[in-house]
Amino acid sequence: MVRPRREDPHALRNVVGDRVRQARVAKHPAMDQIDLAASLSAALGLIYGRTTISRLESGHRPVMDYELIALAKILQVDLLWLLTGHPDGSGHTGHLVKPDKKNFQAESESQDSAQN
C-alpha cells in the first residue's frame, strides 16, 4: 500500500526563480524585489509583495503561466530563457518523457521500504 507523503517544505516549486533574480539584478538600474513586486502587481492587477518575490526567486513558490509571461515582459528577457536558461530555448527538446510505469512502481516501492 502506498501512503500519501507529506510535501517537503524545502522542495523547489519552480525552475525559473534563479533566472528571475539574475534578470532583476542585471537590469540597469538594478530592480529590487519591491520594484518587481510593484511592477507585477500593476501588470496583472493582483497584489504581490517583496516576500512573494523572495519566495519565487528562491524556488519555494510556484509560478503561474500568466506570471511567467508578465515577468519576462517586465524583466525584458526571453520567456524560453526563463524556462531553460538558454538564450534560444535550445536546452529544451520540446518533448515530454512519460515515465515507465514499471520503473515508477519499483522506485516508489524502494523509497517506501527505505523509509520504514
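Let's start in helix 4, where Glu67, Leu68, Ala70, Leu71, Ala72, Ile74 and Leu75 are the buried residues. Buried here means under 20% relative accessible area, exposed means over 50%, and partly exposed lies in between (1.4 Å probe, protein chains only). These buried residues pack against helix 1, helix 2, helix 3 (50-57) and helix 5. Packing is judged by contact, meaning heavy atoms within 4.5 Å.

A word on the source: this is a predicted model, in which local features need pLDDT of at least 70 and side-chain atom pairs count only at pLDDT 80 or more, while totals for chains, interfaces and linings use all residues. Residues are numbered from 1 along each chain as its sequence is written, and side-chain values use heavy atoms, with hydrogens and water left out.

## The whole protein

Stepping back, the protein has six helices and zero strands. Read from the N terminus, its elements follow the order α-α-α-α-α-α. Helices (H or I, at least four residues) and strands (E, at least two) are DSSP runs, numbered from the N terminus. Of the 116 residues in the protein, 28% are buried. Among contacts between residues at least 6 apart in sequence, 58% join residues at least 24 apart. The protein exposes about 8,500 Å², and carbon and sulfur atoms supply 57% of this area. Accessible areas come from the Shrake-Rupley method with a 1.4 Å probe; for residues, only the protein chains shown count as cover.

## Two loops to look at

Where is there a cis peptide bond? One joins His28 and Pro29, with an omega of about -5°. Pro29 sits in the loop between helix 1 (17-26) and helix 2 (33-44).

Gln76 is not a glycine, yet it has a positive phi of about 55°. This residue belongs to the loop between helix 4 (65-75) and helix 5 (79-84). Is Gln76 buried or exposed? Gln76 counts as exposed, because its relative accessibility is 66%.

## Around helix 5

Trp81 lies in helix 5 and counts as buried, because its relative accessibility is 18%. Leaving out residues up to four places away in sequence, Trp81 touches Arg19, Gln22, Ala23, His86 and Pro87.

Gly85 is found in the loop between helix 5 and helix 6 (101-115). With a relative accessible area of 33%, Gly85 is partly exposed. Apart from its neighbours within four places in sequence, Gly85 is in contact with Arg19 and Leu80.

| Pair | Apart in sequence | Apart in space |
|---|---|---|
| Gly85 and Val16 | 69 residues | 8.4 Å |

Which residues form a nonpolar patch on the surface? They are Val15, Ile69, Leu79, Leu80 and Leu83, with about 400 Å² of accessible area together. Helix 5 gives the most to this patch, with three residues. Patches are made of residues with over 30% relative accessible area and no salt bridge; like charges are joined within 9 Å, and nonpolar side chains (Val, Leu, Ile, Met, Phe, Trp, Tyr) within 5 Å. A salt bridge is a side-chain nitrogen of Lys or Arg within 4 Å of a carboxyl oxygen of Asp or Glu.
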